[in-house]
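This report concerns the structure shown below. It treats annotated regions first and then individual elements and residues.

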Amino acid sequence: MEIATSTTSTADSRRAAGEAYEALLARLGGPPDLLVVFPTVGHDLPALVAALRERAGDVPMHGATTCQGVMSEAGFVGEAGLALGLLGIRDPGGDYGVAARAIGDDPRGAGRAVVGAAIAAAGRDGEPPALVWLAADPGFEEAVIAGIQDVLGPDVPIAGGSAADNEVAGRWQEIANGEALRRAVVVTAMYPSGSIHLAFHSGYSPSEHSGVATRAAGRTLYEIDGRPAAEVYDAWTGGVLGDVRGRGGNVLRRTTLHPLGRVAGEYGGLPFHRLSHPDSVTPEGALTLFTEIEAGERLIQMVGTRESLVSRAGRVARAAMRAGNLDARELAGALVVYCAGCMLTIQREIGDVAVELARELGGRPFLGTFTFGEQGCFVNRRSHHGNLMISVVVFRHGER
Amino acid sequence: MANADRETNLEDRVRELEQRLARAERARLAAEEEVAELRVELAHAGERGRVAAAHTERLLEGLEVLGEARDALSLFAEVLRVLGDVLEFDAAFVVGFAPEVAPQIVSATDARLRLIAWPGGAFTDRVLAGRTVALFDLAGNPEWRRVDPALREAYTSALHVPLHALHSQAMLVCLHRRRGFFTADRVTRARRFAALARQALQTAEHLVDLEDDRGRAVELSRAKSSFVASMSHELRTPLNAIIGYCEHLIEDPVAQRGPELGETLGRIDLSARMLRELIGNVLDLGKIEAGRLDLHVGPVAVAEVCRLALVTALPLAVRRGNVIRVDVGTGLPELRSDAGKLRQILVNLLANACSFTEAGAIDLVVRADRRGEALVFQVRDTGQGLTPAESAAVFLPFAQAGPVDPRRLGGTGLGLSIAKHFTERLGGTIDLDSAVGVGTTFTVRLPLAGPP
């Protein structure tokens, strides 16, 4: 198995696709068996995808738009909010199948259908993939994951990231096999010849503040401990909502270092958390989140720092390597999903994140996308959707 | 002024300290966050280490037992026991495959699974070709759908591992109630252990082969010793008779001219012929074993060959009070073969029939087979017959049925073995049908066209 990446900030979409694909081919030593595509929304996606299709032919293609840019072993690309990143896997001994479905009114049904189609496209009917790699419109990830797990059960790891745009303006898109899509879910069923190892971390610490969601519906949290959620949250965080609390509005950047957490599992009594990122306050004092929430769930106010947002990605990559007892020589490459909210908070230092990742991955190829929702597999082998998370998948040359 | 400066300095100092405090707080939070992550990872690594150690210990124990296993069944049982701990399956079984026989469940963790009639098919063929395959839902697989639902419905996911060795082909099937339980890491674990199990299986088969070879060698050596003892007696008997009669003729002038001279010469002639027959058989066997058997193929005068065989076997038949009847069908098609070897086959079969029959009837019948492709020679006797075990060993060299007395029967135990070798060299087959107390029929089929 060989992995290579290429990135470009070329503005012309067809030219960008051509340049990036030719560079990828040269590094890979031949055509890929899977092509992962992360463009920013500033690109003309149909033109970009068509140009890739012209060059790559029928190679399975999986992609989603990324927020502001991409990062790779060569660093961050996207200073002007425009970038394209490609990752190619050349693995004649493996099987890869990509499929897409419209989310429509039944995201769970779409999850069921898309994973079955991806497995069939890989030519491995009935066999559980080593990894389900996911990209979907933000807003339906839990249901999509539930649909995938209806088919595969809870043990098959699921990882990936939700499509994103540059300004939370709903311009995000997905890519599957030469098509640019909207309101879709894209899945790759991976059966690599080598092994795959994952890590999925929140990287935030619990504060002393916690309460129970007493009223919630979908992705809206109305009350905590019987009081308006925004009021309670604002008190916990020392007033980060500021004047937005009274009038309502976007609070995405204000809340990045103060997400709400839920215990996702524990090891030896030590809990680990998945996070929910409050993105807006309603005039009525409710919080909207990038994850679903249910009444009765215990919420913990988590605390993060800019410093940890910079260093954390490297640590997650190290954890993924440790999960497979890998050293860099055994590593073919990696896929990194980094929360767009975190990236926007530390935007000037995002280059340092790429450097840290490259160092931890021993300079091996990796491609990172910035997403509006992250999916990954915790140490208890259970896959979840979360916010403000980092998900790293490392690919080993051979089987371990 | 001095007070104002002092106040400014103090304010700067407070700001500086506040900034330091904020940095310290951020550093504390970052450290706390990393510590929390590392604690979870440490606990997980510890858990993985404990599991890996338990698996390793279990595998080593299992390998010890596998190394000592001397047959496939005990080995399969141990494979299931070890993998039960390592793969955490709910149930498992091993399907054995053999040519022209339906697949059999040869080992299982649950007695009910032994009732599965494994259908086989393209999926099974793929596994037997060397691929380990997991299914997240076995009900979706066409071969599993042909398994009795009452036996499979308790399980959802399955893992199929090839377990082929030198002589045996088998498939390990692990089952779990949870959908998609057999993930890539479990598949890898199963594949690695199966490689060790296959090695152990091959070793066990090698050992069994060696034991068999040793047993055969010991048996052959014993038979050869017994043959040499019987042979020296057999050679001595006619030789002694020839020498005795010759001395009698040399020393007794009356006997040289008396009326019994013809009878004495006849006895010398019979003993000499027996001796020649015996030496001929030994030489034939020697040629067969050395692979130096020459064939002289041409049209065969079947009736004449049968007559010559009858003439050769008749003295032995008379000695045992038997009658030999020859029935050669009319209008037989032409047979191309080696007439000398055919005669020898018939002589050996008739001699064998005479040896095991006393005061009975022996028939030599020749017919064309129904498809017109071969001639069929049958030698039937009304002798003591053979048990199934004796029938199975009858064509082995130096084997003779039962506790025989070669002096009484006059055989060396080589005749049937030679007949079988000759028949097969001529492109034919030889079979026998026997019942104790009823008699034995040997059937030789020779292709009309001759040996290939």
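Predicted model: local features only at pLDDT ≥ 70, side-chain atom pairs only at ≥ 80, totals over all residues.

## Annotated regions

In chain A, an unreviewed UniProt entry lists residues 31–228 as "domain: FIST". Over that range the chain is 41% strand and 20% helix, and the C-alpha atoms at its ends are 55 Å apart.

In chain B, the annotation "coiled-coil region", likewise taken from an unreviewed UniProt entry, covers residues 7–48. The model shows this span as 100% helix and 0% strand, with 60 Å between its end C-alpha atoms.

## Helix α2 of chain B

Helix α2 of chain B comprises 16 residues, 72–87. From its first C-alpha to its last it reaches 21 Å, close to the 22 Å expected at 1.5 Å a residue. After α2(B) comes Glu88(B), which has a positive phi, near 55°.

The buried residues of α2(B) are Leu75(B), Phe76(B), Glu78(B), Val79(B), Leu80(B), Val82(B), Leu83(B), Val86(B) and Leu87(B). An α-helix has 3.6 residues a turn, so residues three or four places apart point the same way.

## Asp369 of chain B

Asp369(B) is placed in the loop that joins β9 (361–368) to β10 (374–381) of chain B. Asp369(B) is buried but forms no salt bridge. Arg445(B) provides the nearest side chain of opposite charge, at 4.7 Å, whereas a salt bridge requires the charged atoms to lie within 4 Å.

The side chain of Asp369(B) does reach the backbone nitrogen of Glu373(B), at 2.9 Å. When residues up to four places away in sequence are not counted, Asp369(B) touches Ala374(B), Val376(B) and Arg445(B).

## Asp279 of chain A

Strand β20 of chain A, residues 278–281, contains Asp279(A). This aspartate is also buried without a salt bridge; the nearest side chain of opposite charge, that of Arg219(A), is 7.5 Å away.

Neighbours within four places in sequence aside, Asp279(A) is in contact with Gly249(A), Asn250(A), Val251(A) and Leu252(A), as well as with Thr288(A), Leu289(A) and Phe290(A).

## Gly123 of chain A

Gly123(A) occupies the loop between α3 (107–121) and β8 (131–136) of chain A. Its relative accessibility is 56%, and Gly123(A) therefore counts as exposed. The C-alpha atom of Gly123(A) is separated by 7.4 Å from that of Asp95(A), a residue 28 residues apart from it along the chain.

Note on methods. Residues numbered from 1 in each chain as written. Chains lettered and ligands numbered in written order. Heavy atoms only, no water. UniProt positions renumbered as here; feature names shortened; annotations may be inferred. Helix = DSSP H or I, 4+ residues; strand = E, 2+ residues; numbered from the N terminus. Buried < 20%, exposed > 50% of the residue type's maximum accessible area, 1.4 Å probe, protein only. Lys, Arg positive; Asp, Glu negative; His and termini not counted. Polar contact = N/O pair within 3.5 Å; in protein donor to acceptor, adjacent residues only side chain to side chain. Contact = heavy atoms within 4.5 Å. Expected span 1.5 Å × (residues − 1).
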